[in-house]
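I opened the model today and kept notes as I went. Here is what I looked up.

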Amino acid sequence: MPDDQGLIRERLGKLGLGPRREDEIVRELGEHLEDHASALEARGVAKDTALREALDSVPNWPELRNEIVSAETEEATLNYRTKALWLPVLCALTMSNGLLALMQIFGAPAHFYSLSVGNSVHALCGFIIPWLISQPVVGAVAAYWSRRAGGSVRHQLLAALAPSIALLGLFVLILPWAMIVEKPSAPLIRLAAFLILTVTWVLLPAIPLLLGAAPFLRKPQAQS
Amino acid sequence: MTGIDTKIKRGSGELAILALLNREPLHGYEISKRIAAMTNGVLQFNLASLYPLLYRMEKRGWVKGKWEEAQSGRQRRYYYLTPAGKKQLAPLRKEWGLFFQALHRIAGVADAG
């Protein structure tokens, strides 16, 4: 009943749960209110009084609003984030690191290149090509999993890039330690080494991870 | 059931709702009516106490709401017990059974004294 729903919407205010869910809640509470008022009318209470009494059965509308929001968001946040972000992230990290470990165990060839920065800084960087080739699969699985769980495009991207982000986080933690605490005699060389590590183990794997994820990156469909 | 602590009411409400829905799917108003009728009004849930509980149970996956046409011809949101809700029913029954046994034992000791 639109009038009942209007009265409820007015008292509840915005719930911040998205228009679709809010409409559903208001509609459901409106139906309940209408039933309650009808039951009172059947007992001989005048129509207006019945509606007022039904509305008064809720002693504190702001408290009801908070209870509904709490019921809708507390567990939803946990479940949604776990399903749409943390599980795909865990999957991507396990797959990526598991593949790297397997390739090292089975002796996948590593390619090393010597790089020169300026006249004095030389660094060696290594790639495990088969591991890089395997990364699109990791990105694809993580992005697909996140999307299936209702994750946003941002969640899908974060899940797909998790192996690179984790290593970047590690390097960001290690770099200040290496530069400030250890006080290396050749800080430029140390810095260059970190930059090369970041390129080879963060930026380079991020490309195949993204390539794998790209076909699956899209907004989740609205739930029916 | 004014005066009874909200947590107790919520806990007992969960059991009452699961037990009711184990028999048949019901919409919110019908749930509150049945609970009041079956407990002779001792346990009462109104709009304010019922729906946050139902939504919480739905989020936990114990019940699932579905809009359907009622006998009156109006669309109502019927709640169905899910397999997870069914699993939850037995331990809840046991837990509340133990709770009441314990209370009964305490009351018995108090009476004897």
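I began with pLDDT, which is the predictor's confidence in each residue, from 0 to 100. I took helices (H or I, at least four residues) and strands (E, at least two) as DSSP runs numbered from the N terminus. This is a predicted model, where local features need pLDDT of at least 70, side-chain atom pairs count only at pLDDT 80 or more, and totals for chains, interfaces and linings use all residues. Residues are numbered from 1 along each chain as its sequence is written, and chains are lettered from A and ligands numbered from 1 in the order in which they are written.

**Confidence.** I found a mean pLDDT of 83 for chain A, with 85% of its residues at 70 or more. In chain A, strand β2 (residues 121–127) is lowest, with a mean of 59, and helix α6 (residues 153–160) is highest, at 93.

**Helix α5 of chain A.** I noted 20 residues, 129–148, in this helix. Just after the helix, A:Gly150 has a positive phi of about 90°.

**Contacts of B:Leu50.** I counted a contact when C-beta atoms, placed from the backbone, lie within 7 Å. Which residues does B:Leu50 contact, leaving aside its neighbours within four places in sequence? I listed B:Gly28, B:Ile31, B:Ser32 and B:Phe45.

Definitions and conventions:
Expected span 1.5 Å × (residues − 1). Contact = placed C-beta atoms within 7 Å.
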